[in-house]
Amino acid sequence: YKPLPDYSPEQSFRDGYRVTARFLLWLEVRYNSSVIDRLDQHLRHLTYREHRTWIECTGKTLEQLWKEYGETPH
C-alpha cells in the first residue's frame, strides 16, 4: 500500500494513478459524490469527450478544475 501523494505544483492530472486518484477524491468532496460514477459511465459507454464531459459533470473544464485544485488542494 502506498499513500496518495501530497499535492505539488509540479504535478499534472496526467501524472499517473496516485496523483489522479487524489485529484478525483478532491472532486468528490468539492463537487459531488457521483462525479466519479458519472465519469465512469461516460468512459464505459464510449461517450467521454474531455471538455464536454467534465463541464457536464462539474460545470468546469478539466483545466479549470486542476487550477482550482492547485489553489485549494485540501
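Exposed means over 50% relative accessible area, buried under 20%, and partly exposed in between (1.4 Å probe, protein chains only). Helices are DSSP runs (H or I, at least four residues), numbered from the N terminus.

This is a predicted model, where local features need pLDDT of at least 70 and side-chain atom pairs count only at pLDDT 80 or more, while totals for chains, interfaces and linings use all residues. Residues are numbered from 1 along each chain as its sequence is written, and side-chain values use heavy atoms, with hydrogens and water left out.

**The buried face of α4**

Now select L62, L65, W66, E68 and Y69, the buried residues of α4. Look down the helix axis: they fall within an arc of 160°, so they line one face of the helix. The arc is taken from the directions from the axis to the C-beta atoms. What lies over these buried residues? The cover includes α1 and α3.

Keep W66 and Y69. W66 counts as buried because its relative accessibility is 12%. Y69 counts as buried too, at 0%. Both sit in α4, three residues apart, about one turn of the helix. An α-helix has 3.6 residues a turn, so residues three or four places apart point the same way.

Now widen the search. How many aromatic pairs does the whole structure hold? It holds ten. In the W66 and Y69 pair, the ring centres are 5.0 Å apart and the planes stand at 55°, so the pair is tilted. Rings of Phe, Tyr and Trp (its six-membered ring) pair if their centres lie within 6.5 Å; planes under 30 degrees apart are stacked, over 60 edge-to-face, and the rest tilted.

**The core**

Next, select F23, L27, W54 and W66. They have the most contacts inside the largest nonpolar core, which has 13 residues. The elements giving two or more residues to this core are α1 (17-30), α2 (35-44), α3 (50-58) and α4 (62-71). Such a core is a set of buried Ala, Val, Leu, Ile, Met, Phe, Trp, Tyr and Cys residues joined through side-chain atoms within 4.5 Å.

Centre on L27. Leaving out residues up to four places away in sequence, L27 touches N32, V35, W54, T58 and L65. Contact means heavy atoms within 4.5 Å.

**Last stop**

Go to L46, in the loop between α2 and α3. L46 is exposed, with a relative accessible area of 70%. Its phi is positive, about 60°, although L46 is not a glycine. Most residues other than glycine have a negative phi.
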